[in-house]
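Here are a few friendly notes to read alongside the model. Keep the sequence and the 3D view open as you go through them.

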Amino acid sequence: MADFALQVQPLDAREWLETARRAEAAGFDTLLAADHPGSCAAPFVALAAAAAVTRRIKLGSYVSNAGVREPMLLAADVATLDVVSGGRAVLGLGAGHTPAEWDAVGRVRPGVRGRVDRCIAVADATVRLLAGEKVTVAAPGLTMLDAFLEKPRPVQERIPLLIGTANSRLLRWAGGRADIVGLTGFGRTKSDGHQHEARWRLAEIDAQVALAREGGDAALEALVQHVEITEDTPAVLGAHADRLGMSVSELREVPFLLVGTEDEIVAAVRRNRERWGIARYAVRRSALDLLGPLLPRLAAI
């Protein structure tokens with residue numbers, strides 16, 4: 001069974017609530033909101049509003065920047081979301097990459113190792129707080145003393161943890177400690193501080209999956225950058241191929257694009273499960289209309 005999560009941002013109250021209702025009715029498994037302080041809506045506020053007009057769909061951030069979020073505040077936000085949604089919260093975390101987010105909170109952005117260290121420490125501490133443990137941490141970049149989330153207590157016994165990453169060490173850690181490993185396909189952050197190089201070559205994806213599987217058996221989810229239903233797949237993929245320096249034939253195999261006829265997209269989802277064990281996808285707003293009618297077929301894979 002393939003599950004699809006829809007990542008969207010609120011444009012206005014009416015549109016956001018209608019999007020949540022439509023996503024649930026179409027059969028999306030999860031509604032996700034980005035978390036980039038200063039450049040998008042506060043995810044947990046938006047998701048709490050969506051919880052009020054839905055009954056089944058899970059709700060989570062994709063993903064909160066562990067570098068600028070504190071475990072106690074994250075745990076309180078996620079636990080509150082779990083309470084008001086009746087047990088549908090998901091905790092999504094990543095190591096972060098946008099320098100402006102550190103600048104805005106008065107912190108120095110660490111190098112890759114420091115960001116990964118912090119992400120692991122924040123993820124571990126937040127999960128333990130949500131589980132009802134008293135948490136003390138004395139690690140580089142994170143200090144906590146007898147932290148305890150007395151209230152609110154989550155509805156779920158364990159709130160699912162999603163780690164979005166392409167970093168080797170974090171993939172291995174998440175494979176054994178998270179419930180979902182979000183394969184982002186991201187490489188180095190570009191000079192603008194927002195865009196990334198792509199790690200989309202098939203050998204690179206093989207390696208990323210192997211690292212996650214080395215760590216454990218967490219579910220694998222691909223972050224899809226483009227969805228398009230078309231009769232001319234080579235023409236659509238050609239634009240991406242030129243930009244990425246990859247061939248169209250390679251891009252047909254990449255799980256970060258779902259492009260083609262309906263039958264081709266169904267076949268791609270089946271192929272990704274067989275090759276890599278990818279059974280989850282996070283897609284963007286346009287996919288609500290494009291994939292909604294296909295979800296019954298995709299869910300059967």
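This is a predicted model: local features need pLDDT of at least 70, side-chain atom pairs count only at pLDDT 80 or more; totals for chains, interfaces and linings use all residues.

**Notes on backbone and helix packing**

1. Let's begin with Val 63, which lies in the loop between β3 (58-61) and β4 (64-65). The peptide bond joining Tyr 62 to Val 63 is cis, with omega at about -20°.

2. As background, most peptide bonds are trans, and most residues other than glycine have a negative phi.

3. Asp 146 also deserves a look: its phi is positive, about 50°, although the residue is not a glycine. Asp 146 belongs to strand β7.

4. Now to the helices. The axes of α5 (residues 112-130) and α6 (residues 168-177) come within 10 Å of each other, crossing at roughly 15°. Angles under 35 degrees count as roughly parallel, and α5 and α6 are therefore roughly parallel to each other. Their crossing is right-handed.

5. Which residues make this contact? From α5 come Arg 113, Val 116, Asp 117, Cys 119, Ile 120, Ala 123 and Asp 124, and they meet Arg 169, Leu 170, Trp 173 and Arg 177 of α6. By type, the residues in the contact of α5 with α6 are 6 nonpolar and 5 charged, with no polar ones.

Technical notes. Residues are numbered from 1 along each chain as its sequence is written. Side-chain values use heavy atoms; hydrogens and water are left out. Helices (H or I, at least four residues) and strands (E, at least two) are DSSP runs, numbered from the N terminus. Axes are lines fitted to C-alpha atoms, for helices over the stretch in contact, and angles run from 0 to 180 degrees between N-to-C directions. Angles under 35 degrees count as roughly parallel, over 145 as roughly antiparallel, 65 to 115 as roughly perpendicular and the rest as oblique. A crossing is left-handed if the near helix is turned anticlockwise from the far one by less than a right angle, and right-handed if clockwise. Contact means heavy atoms within 4.5 Å. Ala, Val, Leu, Ile, Met, Phe, Trp, Tyr, Cys and Pro count as nonpolar, Asp, Glu, Lys and Arg as charged, and the others, Gly among them, as polar.
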